[in-house]
Amino acid sequence: MKPEPSPAGRGLEAAQAALAAEHAAAYGYGVIGARSGGARAAQARESYGVHLARRDALARTVRELGGAPRPAEAAYALPFEVRTPADAERLAAEIEDRVAGAYSDLVRAAEGPLRREAADALNAAAVRAARWRGVGVAFPGLTERADEAQRAQHS
């Protein structure tokens with residue numbers, strides 16, 4: 001049986017997971033930007049910049065916690081094919097839901113200033129998801145709630 005990680009170890013694991021989510025988000029926003037136009041393209045560029053900044057901050061955090069930041073993958077599998085601007089909007093909302101989930105885990109695992117930063121990032125991801133989706137979810141960061149909102153939107 002594998003021993004439970006220490007609180008510091010849980011924080012590092014959660015920070016690494018959030019870093020991985022930010023890497024994937026940056027990749028996804030490259031696709032979203034290519035399939036969006038007008039105001040949505042500007043929104044995609046802004047979100048891309050936010051995710052790059054969060055990624056860089058998390059890499060520093062991982063180092064401060066004694067870890068080696070996980071590098072980005074060469075490519076990421078998208079959950080569905082993105083052909084249209086509507087597909088791009090749906091992908092952006094899903095990316096933000098996933099990022100919110102990673103930060104939700106980091107909020108639970110972290111303490112002090114890192115917990116506050118993770119809560120702020122969770123809130124920001126939830127706001128971006130709501131903007132892309134056009135509707136918010138009751139408990140951002142909880143996948144089942146996001147899935148319910150997605151189904152309701154398409155009903």
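## The core and its helices

Biologist: Which residues of the largest nonpolar core touch the most other members?

Modeller: This is a predicted model: local features need pLDDT of at least 70, side-chain atom pairs count only at pLDDT 80 or more, and totals for chains, interfaces and linings use all residues. Residues are numbered from 1 along each chain as its sequence is written, and side-chain values use heavy atoms, without hydrogens and water. A nonpolar core is a set of buried Ala, Val, Leu, Ile, Met, Phe, Trp, Tyr and Cys residues joined through side-chain atoms within 4.5 Å, where buried means under 20% relative accessible area (1.4 Å probe, protein chains only). Of its 34 residues, those touching the most other members are Ile 32, Tyr 103 and Leu 106.

Biologist: Which helix gives the most to this core?

Modeller: Helices are DSSP runs (H or I, at least four residues), numbered from the N terminus. Helix 1 (7-34), helix 2, helix 3 and helix 4 (112-133) each supply at least two core residues. With 12 residues, the most comes from helix 3.

Biologist: What does Ile 32 contact, leaving aside its neighbours within four places in sequence?

Modeller: Contact means heavy atoms within 4.5 Å. By that rule, the partners of Ile 32 are Ala 44, Ala 88, Leu 91, Ala 92, Ile 95 and Trp 132.

Biologist: Is helix 2 roughly parallel or roughly antiparallel to helix 3?

Modeller: Axes are lines fitted to C-alpha atoms, for helices over the stretch in contact, and angles run from 0 to 180 degrees between N-to-C directions. Helix 2 (residues 38-64) and helix 3 (residues 85-109) pack at about 25°, with axes 12 Å apart. Angles under 35 degrees count as roughly parallel and over 145 as roughly antiparallel. So helix 2 and helix 3 are roughly parallel.

Biologist: How many charged residues does the contact of helix 2 with helix 3 have?

Modeller: Helix 2 brings Arg 40, Ser 47, His 51, Arg 54 and Leu 58, and helix 3 brings Glu 89, Glu 96, Val 99, Tyr 103 and Leu 106. Asp, Glu, Lys and Arg count as charged; Ala, Val, Leu, Ile, Met, Phe, Trp, Tyr, Cys and Pro as nonpolar; the others, Gly among them, as polar. The contact has 4 nonpolar and 2 polar residues, and its charged residues number 4.

Biologist: Are helix 2 and helix 4 roughly parallel or roughly antiparallel?

Modeller: Helix 2 and helix 4 have axes 12 Å apart. They pack at an angle of about 160°. Helix 2 and helix 4 are therefore roughly antiparallel.

Biologist: What share of the protein is buried?

Modeller: The protein comes to 5 helices and 0 strands. Of its 155 residues, the buried share is 41%.

Terms used: Parallel < 35°, antiparallel > 145°, perpendicular 65-115°, else oblique. Buried < 20%, exposed > 50% of the residue type's maximum accessible area, 1.4 Å probe, protein only.
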